[in-house]
Amino acid sequence: MFAAVDSDSFVEMPLVAGENVISAVERYKRDPAVAAAEPEYLLQYADPAVMEMPGQVTNGSGSPTVTSSIYRPNDPYYVNGSQWGLSVTEMTYAWERVPDRSSIRIAIVDSGVNPNHPDLAESLEAGYNALDEGQPPVDDSGHGTMVAGIAAAVTNNGIGIAGAAGGARIVPVKVGKKDASNKDYIPSSAVAQGIRWAADNKVDVINISLGMPQNSQMIKEAVDYALARNVVIVAAAGNESNHWLFGEPADFPTREDNSYRRFTWTVYPARYEGVVSVGSVSRLTNNALTISDFSNVGKITTVAQGTGVYSTALSGGYASGAGTSYSSPMVAGLAALLKAQNKNLSSQDVHHILLDSSQKLDVPPIAGYYLGTYYSLKYQDYYGGGLMNGKRAFTMPRLRMTAVPEPDGRQASVTVKALDDKGTLLRNLSSEITVTVNHEDRYKQNKTVSLVNGEWSGPVELSVTDDVYDITIQANDAPGSGNEFIESGAARFSKLPDRPKASIGSGTYTAPQTVTLSTATPGARIYVTYDGENSYEYVGPLTISSNTTFYAAAMKNGV
């Protein structure tokens with residue numbers, strides 16, 4: 001198990017004789033010197049089915065380049081239509097738009113990569129092994145090799161497959177391995193360590209094709225650490241659902257639990273804010289696309305091909321697999337192309353582009369699907385923005401906004417510009433857009449303004465009259481304008497209630513104690529939680545008669 005004395009220092013902690021992990025976690029949580037404690041979680045790969053393809057497919061000679069014949073690469077699995085996920089997403093346009101990707105680095109946080117695979121070897125960097133430091137990140141399961149190929153296998157070299165970002169550098173980060181029983185072992189501590197290493201080593205994109213249902217604070221902090229350094233994180237949504245979209249059992253007959261229907265929420269780390277969460281679509285006999293039976297739902301950014309996905313195999317040949325594990329690196333490849341075109345894009349910028357540029361799907365009807373009494377799933381729960389699209393990601397104008405509040409807090413001076421994929425002002429573009437002012441948990445105000453020669457500047461009412469507030473301003477499409485835009489990042493202005501104060505401090509006491517809580521913000525309510533999940537409103541002094549850790553927060557007007 002692991003504990004931290006602050007938000008950036010998780011260390012492995014011992015158990016006392018006869019103590020189980022859960023008891024140890026609770027014991028460390030009660031220690032006032034410990035900020036957080038959690039067990040070592042085990043993650044799993046997001047790929048329920050992989051099938052090795054016979055032999056190594058070749059198609060004559062080729063030159064490993066991404067600049068020549070880019071609309072017609074000669075990689076056999078692309079030529080014969082097996083890589084349909086690249087054609088339906090118009091990735092050929094993205095390839096043409098970004099011919100040089102050699103400066104972009106994609107970290108594959110996974111089981112390692114086969115360093116000798118002919119479709120990968122020349123793109124591989126040394127990487128890192130989070131399980132056995134000092135040892136090379138060599139793949140022993142095949143999963144990481146598959147994922148790496150989908151993201152960035154060499155394009156137009158006459159063999160195998162075309163990578164979504166062929167020519168980008170592949171940085172293998174090994175966080176999983178086979179244990180003595182030949183089972184996959186992917187500890188949460190290694191995943192967190194691998195993410196931090198990748199961020200420290202200045203990769204542009206991290207792909208994480210693994211997950212778990214539990215929320216790990218250690219992984220969450222590693223994710224936040226990477227995002228704060230403008231690393232784009234793309235992760236698989238998971239495969240625990242069983243949709244039976246057409247009244248039939250799911251398309252994995254080997255599943256033991258195939259006899260009933262269910263939908264499952266996006267796994268972690270894909271569920272974390274700021275992470276690009278990728279679901280899977282399947283192609284039907286009429287070439288229509290629909291959610292894959294296994295693809296998880298809930299927090300989804302975009303979707304990509306996730307069945308019949310061809311890629312590089314551990315053996316040095318090629319394999320076909322299914323799962324959001326293999327949808328995710330396609331999107332990671334597109335994210336890498338976006339960064340190659342414009343290094344100044346933040347992780348938030350790339351997230352907005354991938355979401356807003358996704359192509360809405362004409363979804364087939366769902367036959368007799370009962371989703372439950374308490375929650376009705378919506379289109380975005382299945383598909384996010386829709387199917388990733390390489391052309392729209394580069395051609396849709398991108399709104400960039402700055403907002404500066406006036407001293408009295410009643411207005412903000414806002415400037416919005418429409419930029420192309422290289423960050424150049426679109427001076428020939430004039431259109432209506434919407435500037436939205438969102439007062440958290442209270443109300444929204446929409447103001448329609450007109451871009452002229454690609455930009456608009458003017459005042460926006462904030463109407464701040466309260467002693468606490470939490471306001472965001474964002475620019476996006478105007479309904480009926482006829483133009484689609486990538487929405488801007490949000491500018492946030494807030495003044496939070498004063499933190500609650502306790503009548504006594506943390507420490508060791510010899511008798512039961514009465515604790516009184518108060519806040520200096522008039523009218524604010526105080527809420528108390530003992531587990532970080534369930535809270536109740538504080539109405540009077542707390543009596544503490546045993547080792548106890550609790551947390552308190554003040555709230556007013558939803559802030």
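Threonine 529 has tyrosine 551 as its bridge partner in β32. Strand β29 (residues 525–529) and β32 run antiparallel and are joined by five bridges; strands are DSSP E runs of at least two residues, numbered from the N terminus, and two of them pair if DSSP finds at least two bridges between them.

The model is predicted, with local features needing pLDDT of at least 70 and side-chain atom pairs counting only at pLDDT 80 or more. Residues are numbered from 1 along each chain as its sequence is written.

An open sheet of three strands, paired antiparallel, has the order β30-β29-β32. Its edge strands, each pairing on one side only, are β30 (535–537) and β32 (551–555).

## Helices α6 and α7

The axes of helix α6 (residues 188–200) and helix α7 (residues 217–227) come within 9 Å and cross at roughly 10 degrees. Helices are DSSP runs of H or I with at least four residues. Axes are lines fitted to C-alpha atoms over the stretch in contact, with angles from 0 to 180 degrees between N-to-C directions. The two helices, α6 and α7, are therefore roughly parallel to each other (angles under 35 degrees).

Residues making this contact (heavy atoms within 4.5 Å) include Val191 and Ile195 of α6 and Met218 and Tyr225 of α7.

## Tyrosine 45

Tyrosine 45 is found in strand β4 (residues 44–45). Tyrosine 45 counts as buried because its relative accessibility is 10% (buried means under 20% relative accessible area, with a 1.4 Å probe and protein chains only). Glycine 238 lies 193 residues from tyrosine 45 in sequence and 8.4 Å away in space, C-alpha to C-alpha.

Technical notes: Heavy atoms only, no water. Buried < 20%, exposed > 50% of the residue type's maximum accessible area, 1.4 Å probe, protein only. Parallel < 35°, antiparallel > 145°, perpendicular 65-115°, else oblique.
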